[in-house]
Every structure is written in C-alpha cells, then in structure tokens.
Amino acid sequence: MIVIIGAGLAGLSTAYHVAGVPYRLFEKEKEAGGLCRSYQMDGFTFDMTGHLLHFRQAEIRTLVESLLAGRLGKHIRRSFIYSHRTYTEYPFQVNTYGLPPEVVRECLLGFIATLTHPSAHSTKPEDRSFKAWILENLGEGMAKHFMVPFNEKLWQVSLDELTSDWVSWLVPKPDLKDVVNGALGIKDKAFGYNPSFLYPVQGGIGALPKAFLPAVGEITYGCELVEVDTGRRRATFQDGHREDYGTLISTIPIPELVRCCTDLPRAIREAAAALRCVSVYNVNLGVARERVSDKHWIYFPEPEYPFYRVGFPMNFSPSLGRPGCSSLYVEVSHQPTEVTAPAVLLRQIREGLERAGIFRTEDDIIVADVRDIRYAYVLYDKHRARVLPAILEELERRGIYSIGRYGRWEHTSMEDAIAQGKHLAEKLRAT
Ligand SMILES: Cc1cc2nc3c(=O)[nH]c(=O)nc-3n(C[C@H](O)[C@H](O)[C@H](O)COP(=O)(O)OP(=O)(O)OC[C@H]3O[C@@H](n4cnc5c(N)ncnc54)[C@H](O)[C@@H]3O)c2cc1C
C-alpha cells in the first residue's frame, strides 16, 4: 500500500498518476490544493499570493492544458520594478531606461566591469555566495540599485549567507547588447522565466488542484500526520488513526516529516531541524476603486516599502472581484519567529501603497485578509547543500519519498510539484 501525505499539487499529481496501484491520500486541511488553494471573501476570490502558470516542461503544460481545457487565459507579463519613484520593466538588468542617469551609468559600468574583469569562477555554485554571484554576473551598480536590497528584503538574511546553486533559471544573465539596449529603452525581445503566463479565467488558481480531483480517489481530510515508525512502516495521525504502508510519499515540509520520524538517527533529525526558510505574510485586499494599477505585479526593492511585491489579481482575471473594485495581494517577508499584529501590518501596507501612489488617501479598503505562509521560501545555504542529500537518502532507504517544493526543500514552481508527483508515480508503477 502507498500512503501519500498532503493533497497539494505534488500529492494530487502522485495520486492522479499512480492509478492502478492501491494508495491512500491524507490531508491535514479540510480541502485539497495546499498553497494553490483559492478562497472567497465578500465577492472577491483570493489566492495565497500570486500563482501564475509558466512552463518549461511540455508534458506538464499539456497535462495542465487538458485538465483546464478552455478555462485558461494567456497573458503577456506586465511586471515592473518601482524604485527612485520610477517604474521600470522587470527584469531590472535589461530595463534600466527611465532611472536617474547616474543610476543607469553605475549599472552599465558595473556590468561592463564584469565582462572586462571576469572572476575566475573557481568555486562550485553551492560554495559561491548569492552576493558574490550577483557581483560577478551583474556588477556593482545592479547589485546596489536592485539585486541586493530586493533580495535582502525577500530573504531576510545577508546574501553572503545564501549559496548561488538555485539562481541560474530565475535570474537571467544578459548579454552586453541587451543591457545597453535596456539602458537606452530599445526593446527587441522578451526576458525572464515567465514573459507570458497562463491563469484560470474563473475561480483563481484553486481551479487547478480542483481539476485533479475527479481522477483522484478518496482523500481523507482533516488528518494530520504526527508520527512515523519507519521500522514498522506505520504512520500515525493526530486523531489516533494508524496506517501501515509499504511506501510513504510525503509532500509536507521535510523538517516536519523528519520530526515525525522519531526513530531516525539523531544526526539526521538535527540536520533537518536546522534547515532554514523565510515566511511571508500574504495580505489580500479589496478596494472600492477600479483599476488602482494597470500592471500585473510590481517589485519593491526600497526599504521605505514594507512589501517586496504587490500584485493585482483582477488584472489576470476580472472575475476575481466585484465590479468597480480592485484586488491586491501584498507580500511581506519575515523570519518564521517574528510576529507582526495584522492591524500594524495593514497600517504599514496602506502607508506604503499611498507613498507609492497606488492607493489614494480617500481609498476605501473593503476587504482585508492576512495569512501567514509559514514555509514560503526555503533558504539555499551551505547547511542545506551539505545535509539535504543525506536526509533524502536516509528516508528513501526506509521506504519514504519526500517530494514537492517543501518535501525536497527547494525553490520550485507548481509545474515542478506536478512533475515530481508524475515522475515518482511512474517509477513506482514500473517496479
Ligand atoms: C509566495 C509564493 C508565491 C508563489 N508563486 C508561484 C507562481 O506564481 N507560480 C508557480 O508555479 N509557483 C508559485 N509558487 C510555488 C507553488 O506554490 C508551489 O511550488 C506548489 O504549490 C507546491 O506544491 P506542493 O504540493 O509541493 O506543496 P504544498 O502546496 O505545500 O502542499 C503540501 C500539502 O501537505 C499538507 N500537509 C502539511 N503538513 C501535513 C501533515 N502533517 N499531515 C497531512 N498533511 C499535511 C498541506 O496542508 C498541503 O496541502 C509560489 C509559492 C509561494 C510561497
């Protein structure tokens, strides 16, 4: 018997693809979807911050397009950076046109210096810090005016503490021609990992996990895994229910899984407990004014704004809110141990949005909902690089596969979660 823990996209995809092999799927919440759930409040549909579909794997794109056939809208990205009281297009490195001339000059000269004085690149990516990667690849100007302040706001740690083994697909390294064109305002191609994206026309991103459900067997909801006896291969849930398994597929955060596995060696338990992540306050707002912004989302590197990103869901899908209104998701990073009262957070956010010219003083916020995403972004640091392979290996030796964004403790997308479930199911069906 296969036991699957967690009905987010990774768990749902596993169940969907494992068809024919007996399995049971347990989820601690009352519904499926994990981070890709959507919810309704006073005429607005909100996601757990922006969840946009972009694909690099044709097989997963085909699967999602068939699950949501006729129900996906395609959008050409309108994402911007707001700094120096100016909007410039994302990504920063090829769009400095419009910033104060001295800023553009620093960015250009810094980038040129990375080409004329390249570093030896002698270290492996997991040994080179993210800060060193930025300086080596983009130069001092781009580091100072966007990459370092933005990323330190997002990650909540010095970038010297992070490794650079995850950046290559997320942070594109441009050519000199593209950087110069970007400084002069010449546009001749699209950049970044998501120049266009897909998004459900109705129902928010929650439409995607829901689309898996008809082909997935029964899910046991409200059932939280609390203990695993890896020797006996027995999972115990909070309500006392026990389930024996041959193979356990866990999609819950790996530190939580390892905490449940009380018979693992102490070194593995300590290593998993020391994995680090950053949490995000997801603040969803409904405001009584149409089209407070014409953009999809905006990045905020400067410290005077408490948020690192703000998005406008009704610009992906007008059905997500009431006519004559706008909706926003506002993302504020924090250390998992740091707590800010919702009222304080909402005041700081309102002030920041007014300073940025997105809100007007007379704007009426008609809906405000604060949710804390405890595990939002995992930190790629030297500890992670050193211990993660050993933790995963030890679990697999005991018949436990840990998959998904937090199961593998990585910075990956919905597409990757679906792909991991599919590939593991195919492997198990073949054995
Ligand atoms: C702020 C933010 C923005 C993002 N934006 C995008 C985006 O634009 N595009 C994109 O592609 N991806 C985006 N992602 C990533 C995307 O959310 C994830 O890749 C994907 O949802 C991961 O799915 P999962 O199944 O691995 O994990 P999860 O969705 O976390 O699912 C795990 C499931 O396990 C359940 N669970 C946890 N503990 C237990 C337990 N003890 N017992 C039983 N069940 C348990 C949870 O309730 C949950 O349902 C974003 C992520 C964040 C944090």
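The model is predicted. Its domain assignment gives three regions: domain 1 (2-34 + 206-275 + 380-430), domain 2 (38-77 + 194-204 + 277-378) and domain 3 (92-188). The shell around the ligand draws at least three residues from each of domain 1 and domain 2.

**Domains**

- The centres of domain 1 and domain 3, taken over C-alpha atoms, are separated by 36 Å.
- In the contact between these two domains, 5 residues come from domain 1 and 6 residues from domain 3.
- The side of domain 1 that touches domain 3 consists, by class, of 2 nonpolar, 1 polar and 2 charged residues.

**Shell around the ligand**

- There are 35 residues around the ligand, and those that come nearest are Gly6, Gly8, Gly34, Gly404 and Ser413.
- Sorted by class, the shell holds 16 nonpolar, 11 polar and 8 charged residues.
- Three elements each supply at least two residues of this shell: helix 1 (9-17), strand 18 (365-378) and helix 12 (414-430).

**Helix 11**

- Helix 11 covers residues 382-397, which is 16 residues. At 1.5 Å a residue the helix should span 22 Å, and the 24 Å between its end C-alpha atoms agrees with this expectation.
- A bend of about 35° occurs in helix 11 at Leu388, and a proline, Pro389, follows within four residues.
- The buried residues of helix 11 include Arg384, Leu388, Ile391 and Leu395.
- An α-helix has 3.6 residues a turn, so residues three or four places apart point the same way.
- The packing partners of the buried residues of helix 11 are helix 8 (254-260), helix 9 (266-273) and strand 19 (400-402).
- After helix 11 comes Gly399, which has a positive phi, near 80°.

**Leu424**

- Leu424 is located in helix 12, one of the elements that supply residues of the shell around the ligand.
- Leu424 counts as buried because 21 other C-beta atoms lie within 10 Å, and the cut-off for a buried residue is 20 or more.
- Apart from its neighbours within four places in sequence, Leu424 is in contact with Thr14, Ile249, Tyr401 and Ile403.
- Leu424 and Val18 are 406 residues apart in sequence, yet their C-alpha atoms are 8.5 Å apart in space.

Methods. Residues are numbered from 1 along each chain as its sequence is written. This is a predicted model: local features need pLDDT of at least 70, side-chain atom pairs count only at pLDDT 80 or more; totals for chains, interfaces and linings use all residues. A residue is near a molecule or strand if its C-beta atom, placed from the backbone, lies within 6 Å of it. Ala, Val, Leu, Ile, Met, Phe, Trp, Tyr, Cys and Pro count as nonpolar, Asp, Glu, Lys and Arg as charged, and the others, Gly among them, as polar. Domain bounds come from an automatic or database domain assignment. The expected span of a helix is 1.5 Å times one less than its number of residues. The bend at a residue is the angle between axes fitted to the seven residues ending there and the seven starting there. A residue is buried if 20 or more other C-beta atoms lie within 10 Å of its own, exposed if 12 or fewer, and partly exposed in between; C-beta atoms are placed from the backbone. Two residues are in contact if their C-beta atoms, placed from the backbone, lie within 7 Å.
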